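Please find below a note on the fold and packing of the model under review. It is arranged as numbered points for reading beside the coordinates.

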Amino acid sequence: MVLLDQVIVVTGGAGLIGKEIVRRISAAGAISIIADMDPDRSQATMESLVQENPNARIEALKLDITSKESLQNLISTLHQRFGRIDALVNNAYPRNKAYGRPFFEVEYADLCENLSLHLGGYFLASQQFAGYFKTQGRGNILNVSSIYGVVAPKFEVYKGTSMGMPVEYALIKSGLLQLTKYLAKSFKGLNIRVNAISPGGILDKQPEPFLSQYKDLCLNKGMLDPSDLAGTFVFLLSDASRYINGQNLIVDDGFTL
Ligand SMILES: NC(=O)c1ccc[n+]([C@@H]2O[C@H](COP(=O)([O-])OP(=O)(O)OC[C@H]3O[C@@H](n4cnc5c(N)ncnc54)[C@H](O)[C@@H]3O)[C@@H](O)[C@H]2O)c1
């Protein structure tokens with residue numbers, strides 16, 4: 001119960017990784033807020049997690065991280081309901097329809113839109129929550145980056161598949177690591193800490209040649225399950241990591257070594 005009664009907002013909380021974060025922080029005592037663009041998926045996620053653990057305290061609220069109004073509405077709803085917000089996990093994964101095209105097919109407008117939605121959205125959510133945290137006198141922001149914010153793409157793992165590593169993703173996730181340091185340092189003296197977690201690839205029905213090529217670059221398991229990340233989220237949200245600030249924890253079974 002290391003997160004007992006902490007009000008923790010998980011953006012994209014209805015997604016693959018978000019659901020697992022909510023599962024584990026709720027088990028650690030948190031009041032978890034699934035803050036997601038997709039209300040039906042949020043509701044279904046909440047219901048399945050509460051069915052699994054009837055003691056879990058989970059709420060589903062609609063949020064668009066690219067809208068200041070939506071962020072302000074969420075913050076004010078939570079303040080009215082709980083009188084505090086302990087942490088924000090920036091985990092949403094917005095992308096437009098053209099996201100992930102091969103490099104030479106990426107249109108400039110799509111690149112800009114994807115950067116705005118994802119990196120811009122994480123900036124906006126951090127800015128709005130940090131404003132609240134400043135008044136509150138404390139806060140914690142955790143940004144979900146990626147191994148591809150840390151190292152150059154290992155294109156060889158996609159050989160023989162239609163998969164790739166989008167240029168937008170490299171820009172977004174590396175930018176997010178610098179944003180993490182920028183924010184941590186900007187908040188000197190405010191008791192607001194900001195860290196990042198950089199997960200390796202997460203299993204999600206990827207094709208076989210990719211799975212074994214990826215595993216060859218890892219140390220033991222290869223692609224991870226969302227549950228392999230959960231302990232690191234709990235740690236970075238808990239008091240056990242109180243003086244870890246402006247850092248990035250890579251959880252990737254050694255892929256980036
Ligand atoms: N899946 C992986 O292999 C992997 C690896 C490393 C890092 N990550 C990162 O983890 C995070 C979560 O990824 P995922 O695979 O769980 O994604 P996902 O697509 O399964 O879930 C993302 C969620 O974000 C929500 N969302 C989209 N736009 C939004 C917006 N504007 N406002 C609020 N919510 C919005 C979606 O509705 C969805 O529920 C992302 O930042 C991603 O880059 C993923």
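1. Basis. The model is predicted: local features need pLDDT of at least 70, side-chain atom pairs count only at pLDDT 80 or more, and totals for chains, interfaces and linings use all residues. Residues are numbered from 1 along each chain as its sequence is written, and side-chain values use heavy atoms, with hydrogens and water left out.

2. Seven strands make up an open sheet with parallel pairing, in the order 3-2-1-4-5-6-7. Strand 3 (57–62) and strand 7 (248–251) are the edge strands, each pairing on one side only. From one strand to the next the twist averages 20°. Strands (E, at least two residues) and helices (H or I, at least four) are DSSP runs numbered from the N terminus; two strands pair if DSSP finds at least two bridges between them. Angles run from 0 to 180 degrees between N-to-C directions, and axes are lines fitted to C-alpha atoms, for helices over the stretch in contact.

3. Strand 2. Strand 1 and strand 2 pair in the parallel sense over five bridges. Ile8 has Ser32 of strand 2 as its bridge partner, and Val9 has Ile33. Six of the six residues of strand 2 are buried, where buried means under 20% relative accessible area, exposed over 50% and partly exposed in between (1.4 Å probe, protein chains only). Ile31, Ile33 and Ala35 lie on one covered face, and Ser32, Ile34 and Asp36 on the other.

4. Helices on the sheet. Helix 2 (residues 39–52) lies across strand 2 and strand 3 and runs at about 175° to strand 3. Helix 5 packs on the sheet, touching strand 5 (139–144), strand 6 and strand 7, and its direction makes about 160° with that of strand 6. Contact means heavy atoms within 4.5 Å.

5. Helix 1 and helix 2. These helices pack at an angle of about 35°, with their axes 11 Å apart. In helix 1, Leu16, Lys19, Val22 and Arg23 meet Arg41, Thr45, Ser48, Leu49 and Glu52 of helix 2.

6. Helix 7. The buried residues of helix 7 (residues 227–237) include Leu229, Phe233 and Leu237. Its buried residues pack against strand 1, helix 1 (16–27), strand 4, strand 5, strand 6 and strand 7.

7. Nonpolar cores. A nonpolar core is a set of buried Ala, Val, Leu, Ile, Met, Phe, Trp, Tyr and Cys residues joined through side-chain atoms within 4.5 Å. The largest has 30 residues, and those with the most contacts inside it are Val9, Ile33, Leu74, Ile85, Phe129 and Phe133. Helix 4 gives the largest share of this core, seven residues. Apart from residues up to four places away in sequence, Ile85 touches Val7, Val9, Ile75, Leu78, Phe129, Tyr132, Phe133 and Gln136. A second, separate core of 28 residues includes Ile8, Ile21, Ile197 and Leu229.

8. Asn90. Beyond its neighbours within four places in sequence, Asn90 is in contact with residues including Thr11, Tyr122, Ile141 and Asn143.
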